[in-house]
Amino acid sequence: MKARYLAAGIGGTLALTAGAAMFLEERRETSQVLAHESLPDALVASSALASESDLPDFSASFPILRKPEAVALAFPSIPTELPPESFEPLPWTRTVVQGDTLDALLRQAELDPGLRAEITLAIQAEFDLRGLRPGHSLTIQRSPEGQPRTITLAIDDGVQVVITIGKTVSTRTIEPVPVIAERADELLINGSIFVSLERSGMPARFAVDLAQILGNAVDFRRDLQGGETLKLLWQEKQLEDGTEVGEPRLVYAALQLADARFEIVWPDAEESSATIYHDGEILRVFSPPVPGARLSSVFGQRKHPVYGNMRMHTGVDFAAPRGTPVKATGPGRVAFIGRRGGYGRVVEISHGSGTMTRYAHLSGVTEGLEKGRRVDAGDQIGQVGATGTATGPNLHYEVRVEGRPVDPMSDDRMTQMAQAEAPADATARLRVARLRLAETLNLPRRRQAPAVLSTKGDRT
Ligand SMILES: [Zn+2]
């Protein structure tokens, strides 16, 4: 546990102003990316479905909980049931919504400007307020006299920044210790993979992973007639109370079509390439340039997000926050580092046989990376940014063969190049993955989650 003692000062106010302005700027860009760029056709309609049904409708069973006012009205009855000395005001809580700043929230809680500046400064010491996002929440616990005592900012993955106000103001960050649970399930495909996953209660975001990796080998419209089997093995991080944190991570997938079986084995966390098997034989190795990122725009003709006209989109885009690591998708040599007009800051890697990959709009290039340097698939080469003509932070990833852009998701040369990269123990790994799936599938449903493999994280 670390605690910092801070005095209020004008610096806090300045930091807040700058931080809030930059935060707004960054978010504006991001929402433009979302508005302009398009998902692959197969995923679009079903994404809309997902966002609707992501929010279960509790209105019928718990009408009163929907309105914060209703909760507040119920409150005065509580103290009468408790002895007076245990009286403690109910905490004041707000969930951050689009457009909120920390100062605005503190103002809503009717804190005076001096204290607001002090709290802001204290939080800023532990958490960069430009990272404040909708869904985070602020809770203020007051003393029976009405003085703010603790201020808790709950950010992502159960992490809390806690400010304690006494004679001085102290800050500490509480990080939960998640456990990793392995889970498995199987389904019969009916409709798109996305819809099928959602209906079965499996994480629907896996549809994006599967589409990205199998897009080249499987024609999702033609090959999925309904009735195909999909089996998945994945890991989830959970807190003690069962809350999921982070994103679930696929370990193994098996898609049984009428006339073919595709399997994917994902590596352990540190590596980044997945191995794809067709009827038990290695088909290719997939090494995404931004592991886990959302594919936000595909290759081909599209309406340009900045210029508005129809243009050829010469690569694919991955939406990811500024600073997210960008990795080489295959082994090769760095051929160019620098600026290229609308591409902004780019790294280009030459893979031989006239094949080149280009990573554009980078905010930074990995230190020490220089022209002529050898890289392997999965090596970090830079960070996601918005340099050049970009509506927001994203990686524009391009594959060129003899100078001409080709679809990175279907290019055979990249496949051949990656094939050489297949891990030596690929067949053994497939066997182990199949066994793990079978074992986990055989566990009763409720036994799956507590199957703890390891723990990670420290309390600080
Ligand atoms: Zn692009």
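Me: What share of the 460 residues of the protein chain counts as buried, and what makes a residue buried?
Reply: In this predicted model, 32% of the 460 residues count as buried, where buried asks for 20 or more other C-beta atoms within 10 Å of the residue's own, exposed for 12 or fewer, and partly exposed lies in between, with C-beta atoms placed from the backbone. Residues are numbered from 1 along each chain as its sequence is written. Because the model is predicted, local features need pLDDT of at least 70 and side-chain atom pairs count only at pLDDT 80 or more, while totals for chains, interfaces and linings use all residues.

Me: Why is Asp 268 called exposed?
Reply: Asp 268 has 8 other C-beta atoms within 10 Å, and since exposed means 12 or fewer, Asp 268 is exposed. Asp 268 lies in the loop between β10 (261-265) and β11 (274-278), strands being DSSP runs of E with at least two residues, and helices runs of H or I with at least four, both numbered from the N terminus.

Me: How do you know how α7 is oriented relative to helix α8?
Reply: The axes of α7 and α8 (residues 206-214), which are lines fitted to C-alpha atoms over the stretch in contact, come within 9 Å and cross at roughly 150 degrees, on a scale from 0 to 180 degrees between N-to-C directions. That makes α7 roughly antiparallel to α8, because angles over 145 degrees count as roughly antiparallel.

Me: What makes the contact of α7 with α8 nonpolar, polar or charged?
Reply: Ile 193, Phe 194 and Leu 197 in α7 meet Phe 206, Ala 207 and Leu 210 in α8, contact meaning C-beta atoms, placed from the backbone, within 7 Å. The residues of this contact divide into six nonpolar, no polar and no charged, as Ala, Leu, Ile and Phe are among the residues that count as nonpolar.

Me: Why are β17 and β21 called edge strands?
Reply: Three strands form an open sheet in the order β17-β23-β21, with antiparallel pairing, and β17 (325-327) and β21 (364-365) each pair on one side only.

Me: How do you know that β21 pairs with β23?
Reply: Pairing requires that DSSP finds at least two bridges, and two bridges join β21 to β23 (residues 380-383), so the two strands pair. In β23, Gly 382 is the bridge partner of Val 365.

Technical notes. Parallel < 35°, antiparallel > 145°, perpendicular 65-115°, else oblique. Contact = placed C-beta atoms within 7 Å.
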